[in-house]
Amino acid sequence: MSDPKRWLDDPGSATGFERDLLRGARDVEPPLGAQGAVWKALAAQLVVGGAVGVAGAAGTAGTASAATAGSSAGAVAGAGSTAAAVPRPRTGSRWPAPAARPRPVVRRPAARQ
Amino acid sequence: MPEVTFQEVYDEHFRFVWRSLRRLGVRESDVADAVQDVFLVVHRRLADFEGRSKMTTWLFGISLRVARDRRRLAYVRHDVSDDALLGERADESVDVAAEAERRQGLEVLESILDELSIEQRADFTLFELDSMTGEQIAELLGIPVGTVHSRLRLARDAFRQILARRQARDRFRLVAAGGVR
């Protein structure tokens, strides 16, 4: 089954205005530094939640209770969805980075074609 | 047997998750938090991932749920679009008028895409904006190619209807504004 022609590739399949709208939205790259910033916030949250056994984690917890945060994080994962109640440091916040990165390990799936 | 760590998954797929969330309508101002949500789930579930699907399929599924939840929350809170649409950032060196026009175009596009179902939106943006093939999208979403094509057709129809409605409304406002002068 062949694909239809893309609107951006085929002037006959979309109006100029439609193509202009799409053309302006092709780039959605993360900004520079976003990967590291999100990692720091994520790792801090995992440490606060007690999800990983990281040496020195106690000093990064701020005022949050590890047990409470841990159960919230569990709820997030269990539901497979977001949970507004989860205490979280926002990216680029003042929360410090943990001493080590979380490292749960699983087997790598067999290579797929 | 080789192993994959959470960190490796993060490092390898951060960009993919970010882009997926943006394509699924998560605002630029929210996307970092949404990426966190996705990887929190990944952290909890990675040990259960058996490799029956591709890692990207699994991650996209999680991203889809996270985006859907955020969409629901935004609807409840009646959020309005922020000024950073579809990941576009202002560049101070560009012409201000051109930049304003570009942002206006992005706002129109975002408002149209917001009216599509999230599944249609995924299909439409992956095909039209990311230039993925039907087969690639089918593999990513874990659905048949025929479903990808039918969703795309519906999404295109809806896109045109919404755009036509918007344009009619704008014309009406223009006329109405002219009438009271």
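1. A crossing of two helices is right-handed if the near helix is turned clockwise from the far one by less than a right angle. In this predicted model, the crossing of α1(B) and α2(B) is right-handed.

2. Two packed helices are described by the angle between their axes and the distance between the axes. For α1 (residues 6-23) and α2 (residues 28-45) of chain B, the angle is about 135° and the axes are 10 Å apart. Angles of 65 to 115 degrees count as roughly perpendicular and those over 145 as roughly antiparallel, so α1(B) is oblique to α2(B).

3. Which residues meet in this pair? From α1(B) come B:F6, B:V9, B:Y10, B:V17, B:W18, B:L21 and B:R22. From α2(B) come B:V31, B:A34, B:V35, B:V38, B:F39, B:V42 and B:H43. By class, the contact has twelve nonpolar residues, one polar and one charged. Spacing is worth a look here. An α-helix has 3.6 residues a turn, so residues three or four places apart point the same way.

4. Now the chain as a whole. Chain B has seven helices and one strand. Along the sequence the pattern is β-α-α-α-α-α-α-α.

5. Chain B has 181 residues, and 38% of them count as buried. Of its contacts between residues at least 6 apart in sequence, 72% join residues at least 24 apart.

6. Is helix α5 of chain B enclosed or open? Nine of the eleven residues in this helix (residues 118-128) are buried, so α5(B) is largely enclosed by the rest of the structure. The buried residues include charged ones, among them B:R121, B:D123 and B:E128. B:F124, B:L126 and B:F127 are buried too.

Definitions and conventions. Residues numbered from 1 in each chain as written. Chains lettered and ligands numbered in written order. Predicted model: local features only at pLDDT ≥ 70, side-chain atom pairs only at ≥ 80, totals over all residues. Helix = DSSP H or I, 4+ residues; strand = E, 2+ residues; numbered from the N terminus. Buried ≥ 20, exposed ≤ 12 C-beta atoms within 10 Å, placed from the backbone. Contact = placed C-beta atoms within 7 Å. Axes fitted to C-alpha atoms, helices over the stretch in contact; angles between N-to-C directions. Parallel < 35°, antiparallel > 145°, perpendicular 65-115°, else oblique.
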